[in-house]
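Subject: Structure handover

Hello,

Please find the structure below. My notes on it follow.

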Amino acid sequence: MLFTRRLMLGLAMAGSMAGALAVPAMAEGPTEIDLFFPVPVDGKLARDMGTLIKEFNDGHPNIKATAVYTGSYDDTLIKTRAAIKAGKPPAAVIMSANFLLDMQIENELTNLDPLIAADGTTKDQFLGQFFPALQGNAVINRSVYGVPFHNSTPLLYINADKAKEAGLDPNKPPQTWAELTDWAKKLTKREGDKVTQWGIAIPCAYDYCGWMMETLTMTNGGRYYNEEFGGEVYYDTPSMLGALTWWNDLIYKHKVHAPGATPGPAVSTSFISGNAAMMMLSTGSLTYVRDNAKFAYKVAFIPRNVRNAVPIGGASLIVPAGLEADKQKAAWTLIKWMTSPEKSAWWSRATGYFAPNMAAYKTPEMVDFLNKNPDAKTAVEQLDVAKPWFATYKTVPVRKNLEDEVMLVLNGKKQPKEALAAAQKAADETLKPYNAETSLKLP
């Protein structure tokens, strides 16, 4: 009897298990990932990003990517770091290209070499897709930490109609600081003591100001920082002193530039409204200008004093440290898709940033676009003289050490020499902990 009861119980359990096994397993859903993205320039970048991510999701049903707007480049760094610290990093971030070194020093980045190798590709083959000028900010200690996504160089924008009115030929833009100063004088208009049209506008707010100072310093023969070591900047130098003095002279000596430190959006608004006849601004603003200018315009290389040279700008795609394997794999799929020739070309046409993937310029759509919009070629041609964007330990504080002083100069509260000495002293102090653990840590 006991045997019979046990047999019946066993059969019942077996039947129950068989029934459970017969129930179809729940299908696993797509791997969900977040992409942090900034909007550092004028235009409709946020809308364009939504379009891009929707297309990715439609073509990759096993991944669900969500684009998360994170503000400026500086804001995006802060939010990414907070997410990493909280143990919830985004899977990918469009990060300012010059922040990668600081993040790598703080162990906040995923080394991309294993992901590249897993695809059966060498680092040289992978990097060979992109313009050489961009690699300096993507490679750290011979390893790849970022993939160039949208990049820029500063350009000189010229209101061609106003240039012609002033007897200037917009097809022969100024090549030197002296020529630019002369153009700006001829383009500045006054009614009594009131200026009705400024000759030139150059942006200065956090982030943009440091980039423009690097631009002017490089065209004056100098270097902003030590490209081989994250613990040195060169603020108190003749080349940077000449750069800041010339910018200051445009305001207070030649009176062709509005007084004060002007943010980038205010500069582009001034240009579009006709209040400024020329401006220095990122190529990332090119589509905005093309869509909104009610006048003919030209873009040109940044004029030189000593040499033609500009820093790259823009952002790279990174994978933060601390991701689970499935999210890391999904992020890498997204990054490769976003930086493919076709998508790189589409993003360039939509935003004005140049396409970092060189093969983008061989796609039929891009060839046709450049034939219709030759102004988009200028930033690419300027890459021949482009160099890496300043990148140090604590890049943002070190940059602000300079920007705070430059703003005082442009606001008429300090002289250039005094300001740069103060900037150098402050930056050296900011860099001190890193140097103590590296260049000054002796046996």
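Two strands count as paired if DSSP finds at least two bridges between them. Helices (H or I, at least four residues) and strands (E, at least two) are DSSP runs, numbered from the N terminus. This is a predicted model, in which local features need pLDDT of at least 70 and side-chain atom pairs count only at pLDDT 80 or more, while totals for chains, interfaces and linings use all residues. Residues are numbered from 1 along each chain as its sequence is written, and side-chain values use heavy atoms, with hydrogens and water left out.

Strands

Start with β8 (residues 189–191) and β9 (residues 194–197), which run antiparallel and are joined by 3 bridges. Within this pair, Lys 189 has Gln 197 of β9 as its bridge partner. The two strands make a hairpin with 2 residues between them. Gly 192 lies in the turn and has a positive phi of about 70°.

Next is an open sheet of 3 strands in the order β10-β7-β11, with antiparallel pairing. Its edge strands, β10 (278–282) and β11 (297–300), each pair on one side only. Neighbouring strands here are turned by 30° against each other on average, direction ignored. For such angles, axes are lines fitted to C-alpha atoms (for helices, over the stretch in contact), and the angles run from 0 to 180 degrees between N-to-C directions. Strand β7 (residues 154–159) is joined to β11 by 4 bridges, and Asn 159 stands opposite Tyr 297 in β11.

The other sheet to look at is also open and has 5 strands, ordered β2-β1-β3-β13-β6, with mixed pairing. At its edges are β2 (63–69) and β6 (147–152); each has a single partner strand, so one side of each has no neighbour in the sheet. The twist from one strand to the next averages 20°. β6 pairs with β13 (residues 313–318) in the antiparallel sense over 5 bridges, and Ser 152 has Gly 313 in β13 as its bridge partner.

Helices

Two packed helices are described by the angle between their axes and the distance between the axes. How are α14 and α15 packed? Their angle is about 25° and their axes are 9 Å apart. The two are therefore roughly parallel (angles under 35 degrees count as such, over 145 as roughly antiparallel, 65 to 115 as roughly perpendicular and the rest as oblique). α14 passes α15 in a left-handed crossing, meaning that the near helix is turned anticlockwise from the far one by less than a right angle; clockwise would be right-handed.

Helix α2 (residues 45–59) packs against α14 at an angle of about 160°, with the axes 10 Å apart. That angle makes α2 roughly antiparallel to α14, and their crossing is right-handed.

Cavity

A cavity is a set of points, on a 1 Å grid over the protein atoms alone, where a 1.4 Å probe fits but cannot get out; lining residues have an atom within 4 Å of a point. Grid points are joined across faces, edges and corners, and a volume is the space filled by probe spheres set on the points.

The structure has 1 cavity of 30 Å³ or more. The largest cavity has a volume of about 70 Å³. It is lined by 14 residues, and those closest to its centre are Leu 286, Ser 348, Gly 352, Tyr 353 and Ala 376. Which elements give two or more residues to this lining? They are α12 (286–292), α14 (341–351) and α15 (364–372), and α12 gives the most, with 3 residues.

Regards

Methods: 1 Å grid on protein atoms, 1.4 Å probe; cavity = no way out; pocket = protein on both sides within 12 Å on 5 of 7 lines; lining within 4 Å.
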